[in-house]
Structure formats: structure tokens, C-alpha cells
Amino acid sequence: MRTSIRVGAVAMATAAALLMSGCSANTGGGDDGPVELNYWAWAPNLEEVVDIWNAENPDIQVTVQKQDGGDPAITKLLTAIKAGSGAPDLIQAEYQKIPTLVSSDALADLSEYGAGDVQDAFADGVWDSVTLGSDAIYAIPQDSGPMMFFYRADILEQLGLAVPTTWDEYADVARAVHAADPAKYLGTFSSNDAGWFTGMAQQAGASWWGIDGEAWSVDIAETPTETVAGYWGGLVEEGVIDNKPMYTPEWNAGLNNGEQVGWLSAVWAPGVLGGNAADTAGLWKAAPMPQWDVDAPATGNWGGSSTAVTTQSDHPEEAAKFATWLNTDAEAVQALVTTAGIYPADAEQAKAALTSPPEFFSNQPDFYEVAAEVADTVSPFTYGPNVNVAYSAYNDEFAKAADAKTQSAFLDAVTAMQKITTDDMKKSGFTVE
Amino acid sequence: MTVTEAPVATRSSTPTVRRGRGTFRSRVLVPYAMLAPGIILFVAFMAAPIVYTLFLSFQKTKVSGLGLGSGARSTVFAGIDNYVTTLTNTEFGASVGRVLVYGFILIPLMLGLALLFALLLDSRRTRAAGFSRTAIFLPYAVPAVISSLLWGFLYLPAVSPFYFVFDKLGWDVPSLLSSGGVTFAIANIALWGGVGFNMIVMYTSLKSVPSDIYEAAKLDGASEIQIALRIKVPIIAPAIVMTALFSMVATLQVFAEPTTLRPLTNSLSTSWSPLMLVYRDAFTRDDIYSAAATSIVIALVTFAFSFLFLRVVQKRAFGQED
């Protein structure tokens with residue numbers, strides 16, 4: 001019942017927003033006044049970067065409307081799209097949300113506004129995720145989260161262990177760390193973080209969705225993902241890898257007191273470690289991910305977002321111009337790095353902007369050189385129109401598996417994810433192979 | 001409405017003679033004008049959303065082909081599809097089952113403790129009654145999300161002071177957040193927050209009992225315990241029934257506690273309780289239509305439970321008053 005009330009309230013709020021935005025569009029978008037653009041985003045301090053644009057472009061004024069985060073902003077946008085009004089001109093959209101948004105007809109195609117000119121600034125894998133492999137361009141990439149391996153250099157050294165470069169070595173190091181002190185783990189398998197697991201499947205060569213002519217394919221239960229799930233299931237069953245979720249008070253304490261000796265994370269990890277494990281500053285180091293095949297180094301992405309223009313914008317051309325500037329202009333990217341603390345998707349600008357390591361990693365001067373090297377090896381991955389369903393299936397099915405602590409349960413979880421994701425697409429009417 | 005108007009009209013015939021003109025206006029229109037704010041608020045914030053939810057529950061999204069680009073996604077009439085999906089969904093059945101187990105643990109404990117505390121506070125020999133009453137009631141003022149966060153910390157062995165002590169004593173206490181204990185963990189949070197409220201309801205009802213009844217019982221030689229069990233409990237039975245009803249409804253709607261604890265453990269799924277399932281379908285899976293159907297089913301089941309419960313206990317609890 002509470003939910004039904006909430007649904008009604010959302011509808012009413014949308015109706016109210018509809019009336020108000022209708023008014024402001026008329027007054028703000030006249031011929032003589034400047035073009036006014038609304039931008040829904042949640043990156044910290046983004047408004048300071050936007051201030052630079054506003055000072056330089058009196059004709060196009062952008063207002064940042066702060067959002068709670070990726071999921072709520074997208075839910076709000078989809079509601080506004082359904083209602084026919086109330087959407088902003090620009091939105092910060094995570095890569096995995098783009099197919100869902102395109103499928104709801106929420107994103108404008110930027111290719112007609114010259115967005116194709118900046119294609120070369122981005123890695124192919126990143127560009128694919130904003131075009132969905134088509135001729136359309138649905139967003140300009142902003143930041144990316146290439147995955148890396150973070151470890152307590154002091155503890156590995158003390159135990160006389162080398163930094164693992166392959167997954168076999170990672171398993172051996174995990175065994176050695178746990179054998180030396182049963183309270184210590186090299187890492188944890190987190191059923192809460194679907195994006196983390198997706199990144200690791202991506203590294204192994206998985207691409208969970210695909211477009212084959214006029215039909216979608218869902219390829220979760222295939223060799224790469226099964227290999228990754230079986231690998232982690234084996235380590236959890238053996239007991240040498242922890243099975244508790246990340247981002248809990250317990251996990252934070254573990255990072256801080258040395259019980260969590262490593263973390264498979266992404267380039268943004270220094271910020272999290274600095275906040276959760278402040279006592280360990282200077283003790284961590286970053287390395288490329290352990291590999292399945294050392295001759296073909298690869299990694300996945302965990303996180304990353306783009307700037308998209310909505311279909312409800314009255315000024316898509318101006319909005320596209322701003323989105324391009326924000327993510328490829330030298331001054332803007334530098335400001336994104338220093339004030340918003342992101343890792344830019346634009347590789348050239350990233351290199352110029354990221355000169356010194358993050359404060360928490362001041363012991364590793366080559367931090368961003370390692371990151372740039374890793375970012376170059378991101379495997380291609382196609383997201384589908386129901387990533388939300390696949391991710392919530394991951395949470396439920398892998399929670400059961402992590403609780404059961406058996407390798408077979410991990411493999412069953414992959415099969416269940418495949419079935420839930422496929423069934424959902426078929427139920428909605430998508431053509432699925 | 002016509003049924004209630006009729007007696008008003010007949011009764012007003014006599015005063016019409018006495019008071020003269022304007023009676024239709026004052027007798028019929030004025031009461032409605034005074035009711036209007038209530039009616040408008042009820043319609044806008046209760047009836048309209050319910051009707052809208054019903055309307056949504058008979059629709060679904062239909063995608064064609066790849067579902068990309070404009071016009072690929074449309075909303076169509078679904079008939080009873082969403083209801084069939086809800087009723088055949090094993091996740092829904094499982095969530096109802098879990099909540100029933102949770103209710104069987106929680107409600108007897110919560111009401112039992114509330115009754116015990118109410119009787120103790122009402123007993124003449126209790127000292128510091130005011131302080132105890134406030135102390136027991138205070139947890140009710142803590143929002144469920146906050147209390148779940150607090151208890152979550154206490155449940156996690158690595159950060160819990162309890163487990164620190166257990167560890168020092170050399171006891172191996174299993175985590176309450178494991179799959180076997182998580183129902184108790186949630187029930188405990190609800191118990192902590194709920195006892196105070198139910199105690200206040202029962203205590204208030206005890207306070208309205210005239211004290212001469214107790215004096216009569218005393219003169220007849222009844223002990224404090226006999227007075228409590230033979231006189232106080234039967235007299236406040238209607239209050240106990242009411243708190244039981246409220247608790248049952250709250251149990252079926254449990255949401256905040258498991259949602260807040262979920263990120264801390266592998267043993268809570270996103271469909272642990274029926275309302276969590278609704279939330280997940282509506283806001284994570286973006287399928288507001290089947291979520292609407294599930295909401296309607298939950299509402300109907302809650303009504304059915306409440307009426308059945310009242311029918312069974314009403315005679316026993318309220319019978320003596322007639």
C-alpha cells in the first residue's frame with residue numbers, strides 16, 4: 001500500500017514539474033535571453049567545473065541539479081520520459097544505463113551535432129558503450145573505471161610473497177596469506193557489487209549482451225563468466241577468500257586493520273581507501289589485474305559514466321556542445337580531475353591532467369602511468385537493455401552462492417542469472433535469440 | 001451517503017419550524033463544507049493513488065524488436081497477466097512465508113513483553129515508573145532505518161562490542177546475520193522498537209480502569225498477581241486485540257529493517273519481504289506494472305487477515321462490553 005501511495009506521489013510530483021518546466025522553458029528559451037540548460041549529475045563539485053563554462057559562454061548557461069546517485073537519477077529520468085515532460089537537458093549516465101535509456105527513447109542522438117569529431121579521444125571499448133555499436137551517438141564519455149589490483153605492499157613483503165600477475169598466482173598468494181594468519185584474506189567475494197563481478201567477467205572476455213541483426217543475445221552463462229564464477233566459487237569453498245560483502249562496516253574495519261590484504265577494484269579506489277582505511281596511507285600499492293592469459297593482458301571496467309542529452313531538451317545542439325566541451329576540453333578535464341576527482345575517459349587529456357599520484361598513494365609515483373597502461377587494455381563489453389534486472393539477479397543469486405560456500409552454487413548462480421535476464425527480456429517483448 | 005442523509009432530514013423537520021430559513025443550507029451543506037478538506041485530502045492522497053495503482057496493475061510494457069529508438073516501447077493492456085505473474089511467482093510465496101515466520105517470532109514476544117511491562121508499571125510497588133516508562137518507550141522514537149543501522153553494527157562480529165566480549169571469553173557465537181539467524185536479527189530490531197509503543201497503549205488502557213475495582217479485589221484477598229491476571233488482563237483485552245492487529249499489519253509490511261540490513265549480509269535477498277519485492281520490481285527492475293499488481297494483492301491479503309482476525313477474536317474480547 002505504501003508503494004502505491006509513493007507511485008501516486010511520483011506521478012503528482014512529475015505533473016507539478018511538468019507545469020513548472022513548461023513555464024520556465026518559455027521564459028528562458030526566448031530569442032533574446034541566453035539558452036538555459038539543466039544538468040542532472042551527482043559527481044562531486046561538478047558545479048565548479050560548470051562555472052568555468054558559464055563564465056566563458058554567456059549565451060549558454062548550464063545549471064547543475066545535484067542528484068543522489070546513478071540509480072535514483074535514472075529512475076527519475078525514466079519517470080519524466082514516461083510523463084512526457086520534466087526531464088533535464090543533460091544527464092550524467094553510467095555506461096550500463098545507456099541501453100535502458102535508449103530503449104525508453106530518453107537519449108537524443110548527438111551524431112548530427114558533430115559529436116563524432118571527438119571519437120578519437122576515447123578508447124574503442126568506451127566509445128562502443130555510448131554508440132551501442134550503431135551509427136548513433138547517445139552520450140559523450142566522461143570517466144572510466146579500469147580495474148586494477150590494490151594490495152598491502154608491506155604485508156606481502158613481510159610474508160615474502162610476490163605480487164600475483166596471473167589468477168593462478170593470485171590463488172596461491174590467497175592461500176599463503178590465509179595460512180599465515182587465518183584472520184587475513186587477500187580479498188572478498190562480494191555478492192553486493194554486480195558491477196565488480198561484471199568487470200571481472202569482462203576481463204575474462206565475457207560480453208553479456210549482444211546485438212545479432214534484429215535480435216538480442218544474452219550470453220551470461222558462457223565460458224568466460226562460468227570460468228570466473230567457478231574460480232571464485234573454488235576459492236570461497238576452500239575458505240581462502242572471504243565471502244562477506246564489500247562496503248560494510250566490517251569490511252571497512254578489515255581494510256583498516258590489515259585483515260583485508262588486497263582489493264580488486266578500479267582506478268578510483270584511492271578515494272575509497274583514503275576514506276575507509278585512513279590509517280593505512282602509504283602502505284598500499286596498485287598493480288595491473290592478475291591475468292587469465294599473460295600474453296593478452298586485459299581488464300574490465302567497474303564504474304564510469306557519460307554525459308547524455310535527453311530527448312526532451314529544447315536545445316540539443318547547445319547541450320551537445322557543452323557535453324563535448326566538458327569531457328574533451330583541456331581546461332574542463334583538468335578541472336574534472338582536480339575538483340570532481342574523476343579518472344577522465346579522454347586518454348590524452350587524462351595523461352596531461354594526471355601528473356602526480358593521488359595523495360593516498362604518494363608512495364607510488366607511477367600510479368597514473370600504471371593506470372593509463374591498464375586503461376588501454378579494457379576488453380569490449382556490450383550492455384543490454386535490462387542491466388538492472390541482471391544486476392539484481394546477481395545480488396540475489398550470488399548472495400545464496402556466497403552463503404552456501406560451494407563452487408557448484410556459484411555455477412548455478414550464473415545459470416540462474418542467464419535465465420532471469422532472458423525471461424525478463426522475452427516477457428517485455430524483446431526479440432531474443 | 002443517502003442512507004445517512006435520511007435520518008438527518010427527518011430529524012431536522014422539527015427544528016425547521018423553530019429556526020426558520022436557511023436550514024437546508026445549515027443542516028446539509030455546512031456539514032459537507034466542513035467535511036470537504038478531509039474528503040479532498042482523502043481523495044487526492046488515498047483514493048486517487050489506489051485507483052491509479054489498480055489502473056497500472058492492468059497494464060504492461062510491450063517492446064518490439066530490439067527495443068531501441070523511438071516508438072519501440074509502448075504500454076498495452078495486460079488483462080490479469082500481472083496478477084497471474086504475482087500469484088505464480090515462487091519468490092512472492094517465499095517472501096510471504098518468511099514474513100509469517102517472522103511474525104510468529106515477533107508478535108507473541110513483543111505483545112507479551114509489552115503486557116508484562118505495562119502490568120509492572122501499573123503495579124503499586126513499582127519505583128521510578130516515570131523513568132522506566134520513558135526508557136522503554138524511547139526506542140519507538142528512533143526511526144527504523146536508524147535502529148537497523150545501529151543493530152547492524154552490533155550484529156557484525158568484527159565491529160560489535162558484544163562479539164568483542166564473546167571473543168575475550170572464548171565463546172564461539174555464530175553471527176546473527178547468517179542465514180539461520182537473520183529472521184531473529186530483524187525480529188529483534190522490531191521488538192526493540194515496538195515494545196514501547198504497545199506498552200504505552202496497554203498502560204494507558206490500564207490507567208483508565210477505576211481503582212475501586214482493585215480495592216474490591218484486595219478486600220476479597222486477591223494478590224497482586226491475581227489482580228493482574230484475573231482483572232487487569234481481561235479488562236484491557238480490547239487494547240491487546242488492537243495492538244495485535246496493528247502488529248500483524250506492520251509485520252506483513254516489514255521493509256525498512258531488512259532493506260537496511262541487506263547490504264551487510266548474504267542471507268537477505270532483494271525479495272526477502274513482500275514489500276521489498278514490490279520495491280525491487282518497481283524501482284530496480286523498472287516494472288511498475290507488476291509491482292502495482294503485487295501491491296494490490298498484498299493490500300487485499302492484509303485486509304483479509306485483519307478482518308479474519310477481528311472476526312475470530314472480537315466476540316471474546318469485546319463480548320463482555322455489550
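Q: Which residue just after α3(A) takes a positive phi?
A: That's A:Gly84, with a phi of about 90 degrees. Helices here are DSSP runs of H or I of at least four residues, numbered from the N terminus. Bear in mind that this is a predicted model, where local features need pLDDT of at least 70, side-chain atom pairs count only at pLDDT 80 or more, and totals for chains, interfaces and linings use all residues. Residues are numbered from 1 along each chain as its sequence is written, with chains lettered from A and ligands numbered from 1 in the order in which they are written.

Q: How do you know that the length of α3(A) agrees with its 14 residues?
A: The expected span is 1.5 Å times one less than the number of residues. For α3(A) that gives 20 Å, and its end C-alpha atoms are 20 Å apart, so the two agree.

Q: What makes A:Ala73 and A:Leu77 count as buried?
A: Buried takes 20 or more other C-beta atoms, placed from the backbone, within 10 Å of a residue's own. In α3(A), A:Ala73, A:Ile74, A:Lys76, A:Leu77, A:Ala80 and A:Ile81 are buried.

Q: Why are the buried residues of α3(A) said to line one face?
A: Seen down the axis, they fall within an arc of 160 degrees, so they line one face of the helix. That arc is taken from the directions from the helix axis to the C-beta atoms.

Q: How many residues of chain A and chain B make up their contact?
A: Chain A gives 40 residues and chain B gives 45, where contact means C-beta atoms, placed from the backbone, within 7 Å. On the chain A side, α16(A) supplies the largest share, 8 residues.

How values were computed
Two residues are in contact if their C-beta atoms, placed from the backbone, lie within 7 Å. Helices (H or I, at least four residues) and strands (E, at least two) are DSSP runs, numbered from the N terminus. A residue is buried if 20 or more other C-beta atoms lie within 10 Å of its own, exposed if 12 or fewer, and partly exposed in between; C-beta atoms are placed from the backbone.
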